[in-house]
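Me: Hi! I have a protein model open and would like to talk through a few parts of it. Could you help me out?

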Amino acid sequence: MERLAPEQHDSLDETPDPAESTVLFGHEPALRGLIAAYRAGKLPHALLFVGPRGIGKSTLAFHLAQYLLRFPSSEAAPDAVAKPDPASPLFRQVASGAHPGVLHLTRPFNEKTKAFKSVLTVDEIRKINRFLSMTSHDGGYRIVIVDPADDMNTNAANALLKNLEEPPARTLFILIAHSPGSLLPTIRSRCQVVRLHPLDAEDLARVLENAGMQVVADAQSRATLAAHAGGSARQAILLTQYGGLEIAEALDKIARAPKMTPAEAHKLADAVAGKDQAIQFGLFNEHVLELLGDAASAAARDGDLMRASRLSDAWRDLRIAMDEADTYNLDRKQHALNMIFRLNDTFRM
């Protein structure tokens, strides 16, 4: 695979980033609706793409950007969805982050720590002012993609709000949001919300096939993968290509074991805490929280409010511990062991 897009904090090996993806699965109706609004001269100045992580919101944003830049006149734009041409200069410029009409804002790389920052900073958002101060080279749209807006800290959000209040003509903001409730209400109110749904089993299979990955053949296995992935293409790739399903199965078994052996805990901790296993470590943490969240919800539905409260408290405590482990770069194996023993203790109470 030819990599065009700059590496991002969530890039995956051998998997196209949204900016360089030529195909869009599951959200074609949304793209057609936005194209229709554009052709009618009713495209708003700010869009908020809302939906779970990894379902293709950013890919939709880049496909819309490609369309607007390819057809700068709304009167002459076709109503058919035009698939990006990977050989065209336009596609390659947008994908590589070199097109003067597109500003993609995401977590920046920290040269001091040689790692991506954990938030989208105000310094990144301030790039919008410089970007919008330049005249569009062909009179076409200038498009700002904030990806995801959830990652903005308070200062960054306030800075973005000022840009949303008085946008220049032919400017489009596209905000990507996994949890829109975390955004400032004043930001949400200035955007037209486009709600996108998780992908179904068939669309997930198409995503994996398009990426050249092995896909389970039978419908039941595909449905099981879709359920585990929550309709997220990214999660499906992580589960099938990075050992996510095996990690989940091992954690499920250990979490509810009446008598867990230290050897089992160390084996799982070793499997997720290696030097080059950041993705597996992230999958492990995500599944810990998923187990506790699901169990708390089930206890609440059954009317066992004391157990639901205990599980919710454990979820909060372990989430804080995960943030601290990330912030202070704590020993991953010790962190994983703490998670495993705390999880097992919580479920046995």
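This is a predicted model: local features need pLDDT of at least 70, side-chain atom pairs count only at pLDDT 80 or more; totals for chains, interfaces and linings use all residues.

Me: How do strand 5 and strand 6 pair, and over how many bridges?
Reply: Strand 5 (residues 142-146) pairs with strand 6 in the parallel sense, over 5 bridges. For one spot to look at, find Ile143, which stands opposite Leu172 in strand 6.

Me: And what about strand 1, how does it run relative to strand 6?
Reply: Strand 1 (residues 46-50) and strand 6 run parallel, joined by 5 bridges. Here you can look at Phe49, whose bridge partner in strand 6 is Ile176.

Me: Are the residues of strand 6 mostly covered or uncovered?
Reply: Mostly covered: 7 of the 7 residues in strand 6 (residues 171-177) are buried. Thr171, Phe173, Leu175 and Ala177 point one way, Leu172, Ile174 and Ile176 point the other way, and all are buried.

Me: New topic! At what angle do helix 13 and helix 15 cross?
Reply: Roughly 15°, and the axes of helix 13 (residues 278-301) and helix 15 (residues 332-348) come within 11 Å. Angles under 35 degrees count as roughly parallel, so helix 13 and helix 15 are roughly parallel to each other.

Me: Which residues make the contact?
Reply: Among them are Phe281, Val288 and Leu292 of helix 13, and His335, Met339 and Leu343 of helix 15.

Me: Last one: is the crossing left-handed or right-handed?
Reply: Helix 13 passes helix 15 in a left-handed crossing.

Key. Residues are numbered from 1 along each chain as its sequence is written. Side-chain values use heavy atoms; hydrogens and water are left out. Buried means under 20% relative accessible area, exposed over 50%, partly exposed in between (1.4 Å probe, protein chains only). Helices (H or I, at least four residues) and strands (E, at least two) are DSSP runs, numbered from the N terminus. Two strands pair if DSSP finds at least two bridges between them. Axes are lines fitted to C-alpha atoms, for helices over the stretch in contact, and angles run from 0 to 180 degrees between N-to-C directions. Angles under 35 degrees count as roughly parallel, over 145 as roughly antiparallel, 65 to 115 as roughly perpendicular and the rest as oblique. A crossing is left-handed if the near helix is turned anticlockwise from the far one by less than a right angle, and right-handed if clockwise. Contact means heavy atoms within 4.5 Å.
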